[in-house]
Amino acid sequence: MQTQVLIIGAGITGAGVARDLALRGVHCIIVEKQDVNAGASGGNHGLLHSGARYIASDPASAVECQRENHLLKHLAAHCIEATGGLFVAVAGDDENYIADFPSTSRRCGITAHEIDLKEVHELEPALSNRLIAAYAVNDATIDPFKLSLDTIADAQLHGSRLLRYSRVVGFEIVHGRIRATRVKDELTGRVLSIAADIVVNAAGAWAGVVAAQAGAPIRMRYSKGTLLVTQNRIAYRVINRLRKATDGDILVPGGTVSILGTTSERVASPDVIYPEIHEVDAIIDEGAVMLPQLAETRFIRAYCGVRPLLEEAGKRGTDDPDDRAVSRGFALIDHLAGPEKLANFVTITGGKLTTYRLMAERTADWVCRRLGIQQPCRTHRVPLPNTVDARWTEPGLAPNTWLRSHAPNDALLCECEMVPRSVVEQIVTTIRKQDGRPSLKAISLRSRIGKGPCQGTFCSQRLAAYLYDRNYLAGSQGIVELRAFLRERWRGQQPLLWDTPLAQAELLEAMHCGLFCLELAAEGGVIEGLDHA
Amino acid sequence: MPDKEETLCDLIVIGTGLAGLSAALFAARRGIDTVLVGLTGEIGFASGLLDLLGVHPVADGRMVKDPWRALERLRREEPGHPYGKIDNDVIRKSIADMLAFLAESGYPYWCDSQANLRMVTPVGTCKPTYAVPHTMQYGPVALAQKTPCLLVDFEGLKGYSAIQIAAKLSACHPHLRTLRIAFPEGRGELYTEHMARALETTAVRATLIEAIRPHIGDVLCIGLPAILGIYDTVRVLEDLTQGLGRPVFEIPTMVPGVTGVRLQELFGRRLPALGVRCLMQQRVWNTWRRTDGRWSLAVGQNTAERTVRARSVMLCSGRFFGKGLCADRHGIRETIFDVPVVQPFDRTLWHNKDLLHAPGHPINRAGLAVDHRFRPTGDQGRVVFPNLFAAGTILAYQDWVRQKCGSGLAIATAYAAVAACHEYLKEVESAK
């Protein structure tokens, strides 16, 4: 297999680079070891920052956020809800920080309007009555799945390819160039060699792991952030705590829910991370200071992501246990400059969802310079098309479509989020277009399936049965799929199991273990005969 | 004390899951004047399979062939398990009594008595269980003998795919064919309970037989989802078997299914006839222990509507799903009497990070510790109240989901707890 540019990682950065290059007429292949947005791109707040969060810790990032926020609201409006945001302080918060906030913001080009405290309760009734200051900024929310899926779809439309479940296992390096990249198909085990003029490492938190395979050391810090999804939307706007960034101080709406976060905990590896119970408790307790009802509300899911932070030499202070002082800016690393001296290898990492487009532009500029291509960037002018591939991630869209269509045979496979068969069929078509097999996990990633209060108890088997009927699953695959899907859901349920969700989890286990015996199925899905005890 | 209708009884059973229903039955059979109160509860979610002990040890995931031998081993290895307080003879008696009751109520169960059966599930796995409704009897037989079968499913019935079951079983059972048909008079989305009620009528059965018959070919057995009637399953099964000229069997569906409805309806019909006063769909709002030791319970649907005065109480209120236990971020409580709950030290120990973790989740072994007479105990094993008994899944030191012992645990502990309660009532009577 051959291409001009091989991009490693199908998070928003890799997707963005592919689209940016594709719009300049460059052929790209994206390889992804899992699925779209499997890392930090899928494990974040979905917050389009105004920049105000970073005015004190990282003014350069604040400026970039401010500019990209403005740009994306025009270019990817269908992925964005321009909710606006509030920064609020409660009694006891640092008064100097509060006093400096408007002027520090202004210095970064960010407008923060002071709001009367009586008015702020009319805007957001859920806010605590212990507020001492409130400012309005132009934060917004952005659907990271829709954004990535649409970005990839547009790149594909312009000739790029996506290979999912394809892990980089090695590089063939000859005379200071990567001649070929060896990629293993995680489903079949087959290894394939891809020759590319340039290799872009956009593996996010795994950028260090990928670079190391090419003999290029990148020092990274892994900062885990945990987030909680409420059952209902608590506030209309993004609500930030007006203080130096710490745990549990942002609540972001996401369609019909709200997302509360986050934490910042150093982890040793980005591979196996879980939302932990002590994080959940810290987030709820802190969040409830701004919005008291968070102490009582039902949470339906927890998730986490790893921020890929770049360790800068000489800036490794021990006074920063939660890595919040490490820059949230991005870095483009030209590996010709490093000891590895590779002429056609570049790493793009760090950064934020809000600045993904800028990161992609800079990376594509570098690639084009190396390739001697004169085409300028177009992603700051050409709007991102709204494609059918990405439409079913939006809460509320599937129900509306289903209610309008009134087809009696179009049964709802997911009743909590009202996802019918016809939607599943469309998603299967999309997955096939991306060279994939329609698995339970892949379908749920591209829809609301399994994301309602039942957390997959019922829809998992309904979907599995349907996929068998349609011949998309065969043999014991269904067991393997159910196990994988339920385990994945469980990661997000497990730290939130008290009250009603605990009862729901008991039902889930009673059906899937008690009756279906999924815990007894071997990894291959085979259950052996009865044993003599 | 509110001035409301007052009901007097010897025993009030709280909970209408299998444990509560069993306790009411066994109490009535002993001539104990019994009131049964509870929300519809988990029985609607019963798979209909009667498990005794299907897996032991859980951490090894070892499926049990001879449940009686495995019970002996369980008693040695987990002496705190509720089964540890009951001899095999008593368990046998309790199960036999229950099966006899079900048979005389027109819904016989079938078992091998010495060995567990292997029952096919809707995902095509095989579950070890002790007894199955007569409607499912040929399933384990056909599976064991690899009998050529036709598995039938229906357009519009979600979560049940004959193709899925056959595909999963194909490795060990190659002679399976599948058939999808429209359910007579059914259009759009189907629900098993509606289908089962429809099959209670002769005409619908005849249409179904006609729809399947042309596809029989050389198969020797026909498998259907669990829809063969609610009340008169014997008749429905007989008609289909005759009409198709082959043994017919049911495969359980996803829960809630008709197997739970059948038990609910059967007990709802039979218990009042045995003299049990049933206050269904009602909950206990408040309790007082009177100076004479008797209990007063405020009971009603949406509010306390009446008071039940009882010499003794049997707590069969289930776990979290059944609302017998509840939890907040800081701990687990018993919801009605606030009796002590044995539980892990804190929430971080409740669940494993892996849903399918082989030894199971510690929270599932939380619950009420009881003495040898099934009375909840607190500090240093002291009995909390001499006339408060508990049975079923609310008991601690068991994991009914992973051990596949839910029904047996419900029936056997209800049986033993009712016997202990009977003793207590006799003692009180003779002390007068």
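**View 1. A:S105 is buried in this predicted model, at 0% relative accessibility.** Buried here means under 20% relative accessible area, exposed over 50% and partly exposed in between, with a 1.4 Å probe and protein chains only. You will find A:S105 in helix α3 (residues 95-107) of chain A; helices (H or I, at least four residues) and strands (E, at least two) are DSSP runs, numbered from the N terminus. Beyond its neighbours within four places in sequence, A:S105 is in contact (heavy atoms within 4.5 Å) with A:I55, A:I110 and A:A112.

**View 2. B:W295 and B:F385 make an edge-to-face pair.** Their ring centres are 4.8 Å apart and their planes stand at 85°. Rings of Phe, Tyr and Trp (its six-membered ring) pair if their centres lie within 6.5 Å; planes under 30 degrees apart are stacked, over 60 edge-to-face, the rest tilted. B:W295 belongs to strand β13 (residues 295-300) of chain B, and B:F385 to the loop between β16 (331-334) and β17 (388-390), 90 residues apart. B:W295 is buried at 2%, while B:F385 is partly exposed at 22%.

**View 3. Lysine and arginine sit over tryptophan rings at A:W206 and B:W285.** A charge counts as over a ring if NZ of Lys or CZ of Arg is within 6 Å of the ring centre and within 35 degrees of the ring normal. A:K33 lies 3.7 Å from the ring centre of A:W206, and the charged end of B:R283 lies 4.1 Å from the centre of B:W285.

**Reading the views.** Residues are numbered from 1 along each chain as its sequence is written, with chains lettered from A and ligands numbered from 1 in the order written. In this predicted model, local features need pLDDT of at least 70 and side-chain atom pairs count only at pLDDT 80 or more, while totals for chains, interfaces and linings use all residues; side-chain values use heavy atoms, leaving out hydrogens and water.
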